[in-house]
Amino acid sequence: MNKDQIEGEWKNIKGIVKEKWGKLTDNDLTEINGQREQLLGKLQSLYGYSKEQAEKEWKDFQNKHR
């Protein structure tokens, strides 16, 4: 999923994202609005992931939900 696809599909996948990362609030999801870097930053701050770990988690999520 590229950047444009994430933004275009955000309304459809944000519920699944919230199921995976339950610490994300509805406000977080609204603020992220499909922006990959915003999502990775939130994952880093909420879960203590390194940048590399956040990217790996996101890639694993994408692969699982294609």
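pLDDT is the predictor's confidence in each residue, on a scale from 0 to 100. The model you have here is a predicted one, and the mean pLDDT of its protein chain is 90, with 92% of the residues reaching 70 or more.

**Confidence by element**
- Among the elements of the protein chain, α3 has the highest mean pLDDT, at 96.
- The lowest mean belongs to α1, at 82.

**The nonpolar core**
- The largest nonpolar core holds 15 residues.
- The members that touch the most others are Trp10, Val17, Trp21, Leu24, Leu39, Leu43 and Trp58.
- Two or more residues come from each of α1 (3–20), α2 (26–32), α3 (36–47) and α4 (51–64).
- Of these, α1 is the biggest contributor, giving four residues.

**Aromatic rings**
- The structure contains four aromatic pairs.
- In one of them, the ring centres of Trp21 and Trp58 are 6.4 Å apart; their planes stand at 35 degrees, so this pair is tilted.
- This pair links distant parts of the chain, with Trp21 in the loop between α1 and α2 and Trp58 in helix α4, 37 residues apart.
- Trp21 has a relative accessible area of 1%, so Trp21 is buried.
- Trp58 is buried too, with a relative accessible area of 1%.
- Trp58 also pairs with Phe61: the centres lie 5.2 Å apart and the planes meet at 20 degrees, so these rings are stacked.
- Here both partners sit in helix α4, with Trp58 and Phe61 three residues apart, or about one turn of the helix.
- Phe61 has a relative accessible area of 5% and is therefore buried.
- Put together, Trp21, Trp58 and Phe61 make up one aromatic cluster.

**A charge over a ring**
- Lys23 lies over the face of Tyr47, 4.8 Å from the ring centre.

**Salt bridges**
- Side chains of opposite charge can pair when their charged atoms come close.
- There are six salt bridges in the model.
- One of them joins Lys18 to Asp26, with the closest N and O atoms 2.8 Å apart.
- Lys18 is partly exposed, at 29% relative accessibility.
- Another brings together the side chains of Glu57 and Lys20, at 3.8 Å from N to O.
- That bridge links distant parts of the chain, since Glu57 is in helix α4 and Lys20 in helix α1, 37 residues apart.
- Its two partners fall into separate accessibility classes: Glu57 counts as buried at 15% relative accessibility, whereas Lys20 counts as partly exposed at 43%.

**A salt-bridge network**
- Lys42 and Glu31 meet through their side chains in a salt bridge of 3.7 Å, N to O.
- Lys42 belongs to helix α3 and Glu31 to helix α2, so the bridge ties together parts that are eleven residues apart in sequence.
- Lys42 has 18% relative accessibility; the cut-off for buried is under 20%, so Lys42 counts as buried.
- Glu31, with a relative accessible area of 46%, is partly exposed.
- Through shared partners, salt bridges join Asp28, Glu31 and Lys42 into one network.

Definitions and conventions:
Residues numbered from 1 in each chain as written. Predicted model: local features only at pLDDT ≥ 70, side-chain atom pairs only at ≥ 80, totals over all residues. Heavy atoms only, no water. Core = buried A, V, L, I, M, F, W, Y, C linked by side-chain atoms within 4.5 Å. Buried < 20%, exposed > 50% of the residue type's maximum accessible area, 1.4 Å probe, protein only. Phe/Tyr/Trp six-rings, centres within 6.5 Å; stacked < 30°, edge-to-face > 60°. Lys NZ or Arg CZ within 6 Å of the ring centre and 35° of its normal. Salt bridge = Lys/Arg side-chain N within 4 Å of Asp/Glu carboxyl O.
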